[in-house]
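Here is a short briefing on one structure.

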Amino acid sequence: MSAVENAPLLSVQDLVVEYPSKRFRAKPFRALTDINITIGQGETLGLVGESGSGKTTLGRAVLGLAPVTKGRIIFEGNDISNASRRERRTLSRDLQVVFQDPYTSLNPALEIGDILAEPLGVQGMDATAARKRVKELLDQVGLPSDAIHRLPREFSGGQRQRVAIARALALSPKLIVCDEPVSALDLSTQARVLDLFLQIQKDTGVSYLFVSHDLDVVRHISHRVAVMYRGEIVEQGSADVVTTDPEHPYTQRLLLASPVPDPDRQEQRRADRHRLLETQRQQNEQTLVS
Amino acid sequence: MSDSVETAAVAAPMPVGQSGTVVRSTVIRRLLKNPLGIASLVILGSIAVLAVLAPVLAPFGENFANITKTLAAPDSVNILGTDSAGRDTWSRLLFGAQLTLLSALLCAGVAIAIGLPAGLIAGYYGGKFEGVSNWVVSILMSLPGLIVLLTIRAAFGPSVWISMIAFGVLISPSYFRLTRTAVQSVRNELYVDAARVSGLSDLSIIARHIFSVVRAPIIIQTAAIAGVAIAIQSGLEFLGLGDPTRATWGVMLSEGFKNVYLTPTLLLWPALAMALTIGGLVLLGNAIRDALEDGEKIRHRRQRTPVAGTSAERTTAERAKARQARKTVAAVDIGTEHHLVKVTHLGVGYPQADGSVKKVVDDVSFHVDRGEILGIVGESGSGKSQTAFSILGLLPDNARIVAGSIQFDGNYTVAPGEDRVNQDRLSRLRGKRISYIPQEPMSNLDPAFTIGYQLVTPMVRVLGITKAEARKRALKLLADVGIANPERTFQAYPHEVSGGMAQRVLIAGAISCEPDLVIADEPTTALDVTVQADVLDLLRELQQRLNIGVILVTHNFGVVADLCDRVVVMQNGRLVEEGTVREILRSPKEKYTQTLLGSMLEGKTPMTMLVSPPEGPVSHESGSTAPAGQDAAAEKEPVA
């Protein structure tokens with residue numbers, strides 16, 4: 001946690017997110033409990049956890065898409081936990097997003113050029129300058145410049161994700177929240193998109209909050225990793241420690257659950273996993289008894 | 001970016017050459033190609049032109065009466081004759097068109113002006129406004145429309161405009177509901193979220209991203225509502241509640257009805273005009289809907305275009321031949337009977353509209369023996385699922401086996417030369433000797449029935465055992481697949497169990513009839529990693545205990561390493577490489593397999609480029625730094 005000496009770019013303090021229940025007078029649903037994370041300049045924080053663990057909600061809370069019940073989200077020294085729409089508009093220059101599903105994150109009725117020009121237009125850039133910037137962006141993510149006049153459905157999943165990344169990059173943000181950006185992609189496409197993320201970070205010094213369920217992906221792209229389980233962060237630290245020698249029982253289970261592409265090593269891992277599950281079960285019983 | 005995989009994937013739709021502008025105009029073009037669409041447009045167009053030109057075309061004013069010439073037959077002056085007051089029918093018909101059409105437009109306009117914004121706001125924001133407006137809408141919809149209109153007529157007098165405004169208000173809930181539902185379906189789309197993150201105001205989000213979804217349904221709805229408005233308005237006037245000083249079709253109808261025994265043609269003309277207009281509106285609405293839906297069909301199931309020719313070409317002779325072939329199935333090649341499944345030079349294709357056949361599986365051969373797990377690995381679009389489905393006989397109707405054969409346990413399920421999977425032969429095997437584990441556990445359980453019912457029914461049918469026996473067996477199966485409380489799961493509905501649990505239930509179902517072959521299509525892809533590990537353990541344990549053959553379709557090499565004995569790698573419908581799991585994973589010979597394995601993250605130095613980049617400005621740069629990248633990463637890494 002002592003990663004960054006000077007003030008971090010983003011710092012989340014004791015964050016609680018609750019969704020009001022649909023039923024009358026029922027207890028609200030608590031999606032996140034006492035979350036504390038920081039992200040420095042040019043740093044990637046990987047956020048790993050299983051479905052329903054709240055990792056996506058944390059990303060959405062930072063973006064202002066989830067309600068902040070308690071706690072603070074501080075971006076560049078300003079509390080943005082309850083930013084108004086007008087403040088968000090200013091903030092969108094520095095804070096952007098890439099969503100998981102490249103099929104629904106682009107409006108199917110708009111041309112790629114219009115999609116990419118949208119955030120530029122919001123910031124008041126005129127049309128000619130915006131068009132020039134859109135060309136640059138397409139170039140930066142490795143798409144042909146004639147993509148401007150095409151519709152999203154004419155592109156494959158990997159290419160659409162490149163468009164989504166280009167949209168996030170349009171305003172040269174300082175932090176991009178990446179919500180499972182490679183989960184819907186094929187293996188070789190995933191590798192290329194991860195390369196693109198790394199390259200962009202190298203070129204622009206952008207920070208990532210990288211949400212994923214895949215420990216391998218998170219290990220590959222992150223400087224530090226936080227592990228979420230049932231709405232809480234159970235472990236965080238430098239990527240190589242958390243993803244190779246975790247402390248928390250859940251992270252240990254997670255690590256040994258992901259299969260390796262070699263039959264003999266996988267057999268070994270399987271045996272390790274069964275041993276771990278057995279030990280944890282015994283520990284649980286002991287704590288229950290005592 | 002010139003990576004082969006991505007460009008290959010996008011190459012297929014490309015030749016159609018659909019750029020944005022073309023697509024938009026295709027709806028109109030498709031509308032004009034539809035004979036009903038053209039007919040309705042021509043009818044409505046000409047009626048509108050006649051109405052606009054009424055003052056020029058009409059020889060007389062709408063109320064000009066020639067009392068000396070009442071109920072006259074058509075002649076050169078009054079081309080459609082005159083009515084009981086000696087007014088010219090043709091002139092009144094023209095002026096009537098003006099008033100009738102305008103009032104119908106007014107009615108639709110009022111309905112849209114109320115329903116559309118209210119629906120947009122209620123759908124987008126939800127909350128209190130939605131609650132209150134739903135309540136108002138319910139009240140409006142429960143009011144008896146005709147009685148309200150009669151009351152309004154009594155209060156405000158016989159004005160067409162007032163009654164049509166009132167009717168517009170009464171009918172606005174239909175727009176409200178339409179809009180609200182459409183908006184709700186896109187409100188949580190990610191692109192709306194992305195727009196919010198970009199700082200777009202709600203107004204521009206609605207205008208840019210949301211309004212486009214409701215535009216088409218609104219147009220269709222308006223065509224229908226305008227027709228209804230004309231009908232209602234004419235109905236009121238026919239009852240004699242119209243404004244007698246203005247010529248409308250309804251008033252003319254009423255007038256004609258009074259003289260129906262003297263001059264029946266007086267009734268004919270306004271009725272004809274109304275029938276044409278209302279019919280035209282209804283047809284136009286249908287044609288627009290068809291034009292829009294056609295577009296969707298092509299977009300989503302491009303490969304499923306049915307061929308008009310083939311079914312017609314299937315002559316009786318061919319059918320007889322097929323019938324005979326079904327009776328006498330050719331024997332399989334000697335020496336291959338012992339294979340549980342043998343696929344030989346299989347080709348699967350989809351006939352296209354232009355007569356060509358799009359091959360999705362091409363020349364694929366492999367075999368599976370008893371007690372063996374064969375992995376089929378490939379990326380999306382590699383044809384791995386299509387291959388598995390052709391063994392199961394679950395290909396879509398218009399799919400054709402274009403080459404090769406499939407045999408199961410020494411008998412052909414697809415004999416050489418057959419162009420379809422023989423369902424007669426397969427339905428005896430499916431469920432009993434071949435079973436299937438799907439990718440999405442939740443969508444493969446029927447939410448309307450308990451899990452127990454869905455397990456018991458196939459067993460009763462396939463194994464012919466009693467319900468009680470089947471129930472006992474199902475409970476044992478549920479226990480076998482590692483479900484802690486089988487009784488409770490047995491009685492649960494699918495929505496009451498987790499995804500991992502649902503997949504266990506489906507595995508229990510797959511082995512319930514003691515199959516020889518299980519085909520598992522990405523059985524763990526939708527599951528969390530920890531759950532995946534459990535399910536893999538379960539599959540391995542069951543496979544060893546029951547000694548069944550398994551075909552495992554997956555894209556995950558970790559899963560392959562965990563379960564498979566042998567692997568085939570597929571790319572773009574072709575079989576690229578085949579071998580034992582160790583051969584393929586450790587020393588792949590084909591470049592494609594090497595690329596796939598090279599994309600694996602396991603064992604890679606973090607923060608380094610994974611793929612040696614082919615070209616492009618960004619990639620070039622990284623290409624030069626890639627070898628040094630490991631050092632760079634090593635320096636960067638110790639952040640903590």
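Chain B has 25 helices and 10 strands; both are DSSP runs numbered from the N terminus, helices being H or I of at least four residues and strands E of at least two. The model is predicted: local features need pLDDT of at least 70, side-chain atom pairs count only at pLDDT 80 or more, and totals for chains, interfaces and linings use all residues. Residues are numbered from 1 along each chain as its sequence is written, while chains are lettered from A and ligands numbered from 1 in the order in which they are written.

**Chain B**
- Of the 640 residues in chain B, 40% are buried (20 or more other C-beta atoms within 10 Å of the residue's own, C-beta atoms being placed from the backbone).
- Among contacts in chain B with a separation of 6 or more, 67% join residues 24 or more positions apart (contact: C-beta atoms, placed from the backbone, within 7 Å).

**Interface**
- In chain B, 66 residues are in contact with 71 residues of chain A.
- Helix α9 (residues 190-197) of chain B gives the largest share of chain B's side, seven residues.

**Helix pair in chain A**
- Helix α5 (residues 157-169) of chain A packs on helix α6 (residues 187-204) of chain A at about 15°, with axes 10 Å apart (axes are lines fitted to C-alpha atoms over the stretch in contact; angles run from 0 to 180 degrees between N-to-C directions).
- That makes α5(A) roughly parallel to α6(A) (angles under 35 degrees).
- Contact residues include A:I165 and A:L169 of α5(A) and A:V193 and A:L196 of α6(A).

Key: Contact = placed C-beta atoms within 7 Å. Parallel < 35°, antiparallel > 145°, perpendicular 65-115°, else oblique. Buried ≥ 20, exposed ≤ 12 C-beta atoms within 10 Å, placed from the backbone.
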